[in-house]
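Here's a quick tour of one chain, from its overall build down to a handful of local spots. Keep the viewer open as you read.

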Amino acid sequence: MALSDEPAAGGPEEEAEDETLAFGAALEAFGESAETRALLGRLREVHGGGAEREVALERFRVIMDKYQEQPHLLDPHLEWMMNLLLDIVQDQTSPASLVHLAFKFLYIITKVRGYKTFLRLFPHEVADVEPVLDLVTIQNPKDHEAWETRYMLLLWLSVTCLIPFDFSRLDGNLLTQPGQARMSIMDRILQIAESYLIVSDKARDAAAVLVSRFITRPDVKQSKMAEFLDWSLCNLARSSFQTMQGVITMDGTLQALAQIFKHGKREDCLPYAATVLRCLDGCRLPESNQTLLRKLGVKLVQRLGLTFLKPKVAAWRYQRGCRSLAANLQLLTQGQSEQKPLILTEDDDEDDDVPEGVERVIEQLLVGLKDKDTVVRWSAAKGIGRMAGRLPRALADDVVGSVLDCFSFQETDKAWHGGCLALAELGRRGLLLPSRLVDVVAVILKALTYDEKRGACSVGTNVRDAACYVCWAFARAYEPQELKPFVTAISSALVIAAVFDRDINCRRAASAAFQENVGRQGTFPHGIDILTTADYFAVGNRSNCFLVISVFIAGFPEYTQPMIDHLVTMKISHWDGGLGGQLMRQAVCVLIEKLSLSKMPFRGDTVIDGWQWLINDTLRHLHLISSHSRQQMKDAAVSALAALCSEYYMKEPGEADPAIQEELITQYLAELRNPEEMTRCGFSLALGALPGFLLKGRLQQVLTGLRAVTHTSPEDVSFAESRRDGLKAIARICQTVGVKAGAPDEAVCGENVSQIYCALLGCMDDYTTDSRGDVGTWVRKAAMTSLMDLTLLLARSQPELIEAHTCERIMCCVAQQASEKIDRFRAHAASVFLTLLHFDSPPIPHVPHRGELEKLFPRSDVASVNWSAPSQAFPRITQLLGLPTYRYHVLLGLVVSLGGLTESTIRHSTQSLFEYMKGIQSDPQALGSFSGTLLQIFEDNLLNERVSVPLLKTLDHVLTHGCFDIFTTEEDHPFAVKLLALCKKEIKNSKDIQKLLSGIAVFCEMVQFPGDVRRQALLQLCLLLCHRFPLIRKTTASQVYETLLTYSDVVGADVLDEVVTVLSDTAWDAELAVVREQRNRLCDLLGVPRPQLVPQPGAC
């Protein structure tokens, strides 16, 4: 609305929250002039049809459509474009296909620029009449491919009808032969016009224009007007809007009549007006379901009404002294406004009789205001405004009263919308006198908030938009002193609509109306400040309106109370309060928080019980909230609880009301055992948010309940979110109560700190997975954060409570997480690790290898390292393998990363590990320690697929790259013996394909170890050659084949060829009986005992 002179009343009722900007005023000139000229010049070459013709048409459409918003840019170019096309049309040698193509191009131009502007450029000399008439005559009305030709020719013919010469002069001698007379030009034009008024294409619209220009000619109206009107009324009487042909006929006829009564002189049309009105009444157009017919009926009715009344400007109308915006602003800057007294004069013709038909016309227009379609209501509103301008003051005031009747709550939203449009028309024409403003403003204020529920949606968007249009029109129509009594109400209502309306069009319309009033009235409080923030585009985003702009505007005292009243009376109880109450619950929780923080005097009031019930009910039913809104809901409820308790549950400073404390703690602890995970989450965080005075004396009980939530049991192993929130609650409680010696029920102290640490550290091993993936990540992340917060809290107050074994376990567990595979999680773990390492207020006691760590991770490098990037993280974290305390945990994390799925993680973790192992090859003791740690990890995580499968992949990598080549020089090295035993246990009876494939690779690499280890490895491979899965058999054969060629000393040279042949030629995916025979042959060749079938228990 702010981009044009008038707002779009009754625009599309949709909430388009996106901020796509129109390209209005983006172009400066017709930039495709040269291309268009070339395109029109090639029409003779492409008219024949086919792809070239369609490409030319489509390209021209694209060029023209670009100027739909700024068609005036075409004006300097219209003449040469028309001349190029008319040259083709007027060329006698042009084939019909070329002429039709030229008219298609003319129609495209007309569609963009509008026929009224374009018509002036058509040749309209006397010499053009007959050629154009002949062209129209030879057209076939049933040729659907050439309707543009007929449309443009009829428009051209309508221009030629404006020549100031009698048509009879062009007829010459009508008697060509004795007894034969040809038709006069006048008759030919009328016949053509009448024939095209009943066709089904757009030529019907052009025919109506032709009729209006032709019939109203001085030489035609005397002889043909009565005849044509009689023909038209007969058509209307015979036609029915129930049939398609009837609709077409009535449409063309009504268009023609409306145009005639619009362009014809009053004295010429007045004798027929009453007859036409009676015929129109008989058509019962308001009952039709055809919108266009009802609209044309309203247009014709208002034209008939204007014909009844003498054309005059009502002397009694209100006239504003200064309508120039620039002049108005200049006066305001000078601290004055133009104060011209309103002079109301009596109408000189006040006593004139009003024609009988006027009352019927106004009645029909008032009915049109309530029509179900916007275009009909809009036309009726314009008719009301035009009619009232010619009525005596008293009768016009009666019309205003009838319009105000549209605003009864018994009326539909359609009537309200039509009433607003009519009031705007009356106001901007000066026909709504200041004495009526009291009544009008009252209904407009109601219309600005009109919103009625209809089924599952609401109606009223168009009403509110139109009400904004009324306010916009009034700003232009009245002097500031006339609207001064209503400024407070109107400004507040427009601000409320601009920020709180649910529809983007209404918010923007209200903003534009507010802007217009600020500029033209200059009396709206803080107008410029508000417009700077709440402009047309800013109010396009609903969240921004409610959460940012409204807060800013509420800072001005004139708007604070009206905005609060509107929210309380209209929005809080609005039917569209949110999906299942979600949005309302969250909003009310925020309101409770803010009221509590504002220290509202509700202590002891029953309203507090209601607030508490709402918070509890919200937390108890979080599982019913949609997942994307659940976290926001939870946060809002917990924040509200914290503020509520702090303000209203303190009996004395630092002391809780015992009854409330007992009820609240007992109820919340009971909810921690709820079978719904989300309920546990909510009440865990609620306990964590309680103020210190409510926890006083009940701390141990609360911590025990929360520790139970963080514990993983078989029945709630999938409750990762509740464990996460339980950890957050424990950490928050520790921060709330602080550290105090000897008070285990009031604060963190030596008596309870070990239990707290035990709960937090226990969650560092939570690797729960479900359909969402590694949900245990949430728990481990919360555990790390909580461990950091608690450790820093103790370090600041009582560092002696941090025991050496606890600190060591914390640092090792965090180091392990910093070497794992999830990038963002690794970065968080590294941040916690470095925070604990570099904390110096005072330093954390008992950090293992502090000196070496500070050299490996200097404080200066903390900010520059991106720990979420594998290329930067793994080279640094693998350096911890050289520190005995950290080796086990870091290697465990690296093993998981090496066996991951992300290519960059696998590549950089593998490279970093190889670099480290390369550096210890010359140090047998270091290599022995590393291999021992690796075996210990394997043993500790036997049959734990999360670790064992990646570990087998890691072993394959390190063995393949010769990292343990030094051990191959010793027969049956202890490392190889133990590794083989662990591998056998791991894959025994396994059905995990990935584990078996990794096991095959490890067994193949272990044949490089001499002695019994090699024989046992070969035996395991021979067993796998007869595995139940064909894939495993084939893979084993393939990898053994490659291994024997790689390690040529494994079998003797005399049998190598035969072994390789058996491996390569056997179909290992064949039946087991066939495969087993070949497998046994291999066992004999390799010198290992043939495996024996073990009978199944219970077999006969």
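## Ground rules

Helices here are DSSP runs of H or I with at least four residues, strands are runs of E with at least two, and both are numbered from the N terminus. This is a predicted model, in which local features need pLDDT of at least 70 and side-chain atom pairs count only at pLDDT 80 or more, while totals for chains, interfaces and linings use all residues. Residues are numbered from 1 along each chain as its sequence is written, and side-chain values use heavy atoms, with hydrogens and water left out.

## The whole chain

By that count, the chain has 51 helices and six strands. Its radius of gyration is 45 Å, whereas a compact globule of 1100 residues would come out near 31 Å (taken over C-alpha atoms; the globule rule is 2.2 Å times the number of residues to the power 0.38). Along the principal axes, the C-alpha atoms fill a box of roughly 135 × 90 × 65 Å.

As for burial, 52% of the 1100 residues count as buried (under 20% relative accessible area; exposed is over 50%, and partly exposed is in between, with a 1.4 Å probe and protein chains only). Take the contacts with a separation of 6 or more: 73% of them come from residues 24 or more positions apart, a contact being heavy atoms within 4.5 Å. The chain exposes about 49,200 Å², with carbon and sulfur atoms supplying 53% of that (areas by the Shrake-Rupley method with a 1.4 Å probe; for residues, only the protein chains shown count as cover).

On the charge side, there are 113 positive and 136 negative side chains, and the centres of the two sets lie 2 Å apart. Lys and Arg count as positive and Asp and Glu as negative, with His and the chain ends not counted; each charge is placed at NZ of Lys, CZ of Arg, CG of Asp or CD of Glu.

## A helix tucked inside

Helix α9 covers residues 185-196, and its twelve residues reach 17 Å from first C-alpha to last, close to the 16 Å expected at 1.5 Å a residue (the expected span is 1.5 Å times one less than the number of residues). Nine of those twelve are buried, so α9 is largely enclosed by the rest of the structure. Among the buried ones are I185, M186, R188 and Y196. Their cover includes α7 (129-137), α8 (147-160), α10 (203-215) and α11 (218-238).

## Two contrasting residues

V717 sits in the loop between α34 (699-710) and α35 (720-737), partly exposed at a relative accessible area of 39%. Skipping neighbours within four places in sequence, V717 touches T712, R723 and T768. L695 is 22 residues from V717 in sequence, and the two C-alphas are 29 Å apart.

N462, in helix α21 (residues 461-477), is buried, with a relative accessible area of 3%. N462 and D451 are eleven residues apart in sequence and 9.8 Å apart, C-alpha to C-alpha.

Most residues other than glycine have a negative phi, and most peptide bonds are trans. Here, though, S841 and P842 are joined by a cis peptide bond, with omega about -5°. P842 is in the loop between α39 (823-838) and α40 (850-856).

H846 also belongs to the loop between α39 and α40; its phi is positive, near 70°, and H846 is partly exposed at 45% relative accessible area. D972, in the loop between α45 (945-960) and α46 (974-987), has a positive phi too, near 50°. D972 is partly exposed, at 30%.
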